[in-house]
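Let's take a walk through this protein, starting with its aromatic rings and then moving on to its cores and one of its sheets. Keep the 3D view open as you read.

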Amino acid sequence: MAPPQARLPWELEEEILTRLPPKVLVRFRTVCKQWNSLFNDRSFIYNHLSLPRPQFILLTKHTIYSIDITDPTMKLLERHTSRLGSCLHNANITTCDEFLFFNYPRPWEKKTSLWNPWLRQVKWINLVVDKHFDVFGFRRVSMEVVDNNVYKMLEYFRSPPEGQINVYPDRVVIYECAFQTLRFIDTPDEDMPMSETAKSSQVSLNGNLYWIACNRQTREYFIQSFDFSSEIFKPVCLLPFQESPSCDEHVLAVFKGDRFSLLMQCYLTRKIDIWETKRKIDYTEEVVWMKLMTLTATNLPKLFNKLYGVSYFIYDKTLVMCCGDDESGKPCIYIVKGDTCNKIHIGADLNSLASRITWFSHCAYVPNWTSVPLEF
């Protein structure tokens, strides 16, 4: 009779599972009930997120791809999108904490959706309103309390005065998902976040929204936030540089799951500086910035006024960016370390896919096991 197999201590077993990529964990759900329960445990989810393995999500007119930059082949993996509909054209894709967040800007499509591609879960949110609203962000207000009525969306709409065209005051709205009701928020003009820059570069961290803003009076650059719990706009901190001209490019991102990174490219030299916050972001401690790296490669792309924006993350002391090519506008990935910049044309291995991409949206995303709230 064969001797019984020795089993690893549970703590070591859990540590090993924490370090595995999501596509492996998918297959392990059926190994045993203990593992399946572990993958649904919130502490395991957060531990898994603390070891980031970022990927890019690329949205084209009809297909969504994930791009794993740790894969030497850099292949595009088509994601299962049947529940997202057949036409994705003009939808904007961003991250909302652990989820991918879709906003459909066309006035007749009063809807948005949350998606976790690794769990193949989609939640459609139909906006039961008589006006078109642009969705700015989504949050479950309390992560500790199990309550079906705490999901909120921050939205805005532009309402032109009677008889006037293209002259509008922005109005900020909270949409209560459970009750399908709107509440307008009175917001001072200086706190109004709904600029084109904010819409294209906001980040979601710990359920709140953050973006780069500029004080109209002092011309100081700072990070503005919206706190979903108090429903208040708050300034968080000044950026680590104030001498930067308005033509320089600034891109905010989440770093290590609980803090910020900030990319700044000089318009004249194309040099890129990457900053990070020293501590995790909350409202109780002062934000301290540290310069993480300076990149001086001679073939860095121009990041200014990119038609489809710039997304990036830091991985293994390397800057990885996704944006359109300077000449063709087709999607590319740039891997930058020190004074070296490598450009990879997305889809070059898929029958000239890149040549057929006429529109795209993209974002950096950390695969995870957080279930989409299928009911509010």
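Searching the whole structure, which is a predicted model, turns up 12 aromatic pairs.

| Pair | Centre to centre | Angle between planes |
|---|---|---|
| Phe56 and Phe313 | 4.9 Å | 40° |
| Tyr308 and Phe360 | 4.4 Å | 50° |

Take the phenylalanines to start with. Phe56 belongs to strand E1 (residues 55-59) and Phe313 to strand E20, so their pair ties together parts that sit 257 residues apart in sequence. Both Phe56 and Phe313 are buried.

Now for the other row of the table. Tyr308 is found in the loop between E19 and E20, while Phe360 is in the loop between helix H6 (353-356) and strand E24 (361-365). That pair also links distant parts of the chain, 52 residues apart. Are its two members buried or partly exposed? Tyr308 has 24% relative accessibility, so it counts as partly exposed. Phe360 has 2%, so it counts as buried.

Rings can also gather in groups: Trp211, Phe226, Phe228 and Phe233 make up one aromatic cluster. And a ring can have a charged neighbour, as with Arg79, which lies over the face of Trp118 at 4.2 Å from the ring centre.

In soluble globular proteins, nonpolar side chains tend to be buried together. In this model, the largest nonpolar core has 21 residues, and those with the most contacts inside it are Leu263, Ile272, Tyr312, Leu319, Met321 and Val336. Which elements give two or more residues to this core? They are strands E16 (249-255), E18 (272-277), E19 (289-295), E20 (311-315), E21 (318-324) and E22 (331-337). Apart from that core lies another, of 17 residues, including Tyr221, Leu262, Met264 and Ile281.

Finally, have a look at a sheet. Four strands form an open sheet in the order E4-E5-E6-E7, with antiparallel pairing. At its edges are strand E4 (92-96) and strand E7 (121-126), each of which pairs on one side only. On average, neighbouring strands of this sheet are turned by 25° against each other, direction ignored. Strand E5 (residues 99-103) is joined to strand E6 (residues 111-116) by 4 bridges. Within that pairing, Phe101 has Leu114 in E6 as its bridge partner.

Technical notes
Residues numbered from 1 in each chain as written. Predicted model: local features only at pLDDT ≥ 70, side-chain atom pairs only at ≥ 80, totals over all residues. Heavy atoms only, no water. Core = buried A, V, L, I, M, F, W, Y, C linked by side-chain atoms within 4.5 Å. Buried < 20%, exposed > 50% of the residue type's maximum accessible area, 1.4 Å probe, protein only. Pairing = 2+ DSSP bridges. Axes fitted to C-alpha atoms, helices over the stretch in contact; angles between N-to-C directions. Phe/Tyr/Trp six-rings, centres within 6.5 Å; stacked < 30°, edge-to-face > 60°. Lys NZ or Arg CZ within 6 Å of the ring centre and 35° of its normal.
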